[in-house]
Amino acid sequence: MSISAETLVDRALISDVIYSYCQGVDRQNWAQVEDCFTPDAQHDHGSFIGDTDTFIGFASAVLQQMAGTLHHIGNIRIDISGNTATSEASFVAYHRIRANSDGPLDTEAADIDWIVAGQYRDSWLKTGVGWRIKERQAIHDWTRRELANT
């Protein structure tokens, strides 16, 4: 099997955007998150379906309840066809939910560790500023909530 240098570069650039998204979410750098998507991108995160601006509002409200998050990416599979691509990347996301916090998540009297594992299934478009996600489906394969160890 022969893979062109251009395909290898495109795969690396797409992977960089996936990592940038996770870093942006973990740092709550919403401009960085927004930069990962086309202006008309659509999101399906199970409990949320909508455009990027609305997703960022949703995510920022949820993450305000968190003491911190950490997203890990693995098993990235990318298929490129000209200026479009599809990808699937496994993720494990660690969240520390603050006790008695106000927001959309149910909270407890003590801090909770919430771990979510799943897949990001993305459709991509190569734009004038690089590869950007046009559609994202985030699938939760499993979750675990437990009292946080201090």
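Is N75 buried or exposed? N75 is exposed, with a relative accessible area of 68%. Exposed here means over 50% relative accessible area, buried means under 20%, and partly exposed lies in between (1.4 Å probe, protein chains only). The model is a predicted one: local features need pLDDT of at least 70, side-chain atom pairs count only at pLDDT 80 or more, and totals for chains, interfaces and linings use all residues. Residues are numbered from 1 along each chain as its sequence is written, and side-chain values use heavy atoms, with hydrogens and water left out.

N75 lies in strand β3. Strands (E, at least two residues) and helices (H or I, at least four) are DSSP runs, numbered from the N terminus. The phi of N75 is near 50°, a positive value in a residue other than glycine. Most residues other than glycine have a negative phi. Q28 also has a positive phi, near 50°. With a relative accessible area of 33%, Q28 is partly exposed.

Helix α1 covers residues 5-27, a run of 23 residues. The expected span of a helix is 1.5 Å times one less than its number of residues. For α1 this gives 33 Å, and the end C-alpha atoms are 33 Å apart, so the two values agree. Which residues of α1 are buried? They are D10, I14, S15, V17, I18, Y21, C22, G24 and V25. G130 is found in strand β6 (residues 130-147). G130 is partly exposed, at a relative accessible area of 23%.

The segment before α1 holds I3. I3 is partly exposed, with a relative accessible area of 33%. Together with M1 and L8, I3 makes a nonpolar surface patch of about 370 Å². Patches are made of residues with over 30% relative accessible area and no salt bridge; like charges are joined within 9 Å, and nonpolar side chains (Val, Leu, Ile, Met, Phe, Trp, Tyr) within 5 Å. Accessible areas come from the Shrake-Rupley method with a 1.4 Å probe, and for residues only the protein chains shown count as cover.

Strand β3 (residues 66-81) also contains T69. T69 is buried, at a relative accessible area of 13%. What joins the side chains of T69 and D26? A polar contact of 2.7 Å does. A polar contact is a pair of N or O atoms within 3.5 Å; within protein, one must be able to donate a hydrogen and the other to accept it, and residues adjacent in sequence count only if both atoms are side-chain atoms. Leaving aside residues up to four places away in sequence, T69 touches V25, D26, L63, Y94 and H95. Contact here means heavy atoms within 4.5 Å.

Charged pairs come next. A salt bridge is a side-chain nitrogen of Lys or Arg within 4 Å of a carboxyl oxygen of Asp or Glu. How many salt bridges does this rule give? The count comes to 9. In one of these, the side chains of K126 and D10 meet at 3.2 Å, N to O. K126 lies in strand β5 (residues 112-127) and D10 in helix α1, so the pair ties together parts that are 116 residues apart in sequence. D10 is buried, with a relative accessible area of 5%, whereas K126 is partly exposed at 30%.

A further salt bridge joins the side chains of E88 and R121 (3.1 Å, N to O). This pair links distant parts of the chain: E88 is in strand β4 (residues 84-97) and R121 in strand β5, 33 residues apart. Both partners are partly exposed, E88 at a relative accessible area of 31% and R121 at 38%.

E146 forms a salt bridge with R144, and the closest N and O atoms are 3.3 Å apart. E146 counts as partly exposed at 35% relative accessibility, and R144 counts as partly exposed at 39%. Salt bridges that share partners also join E6, D10 and K126 into one network.
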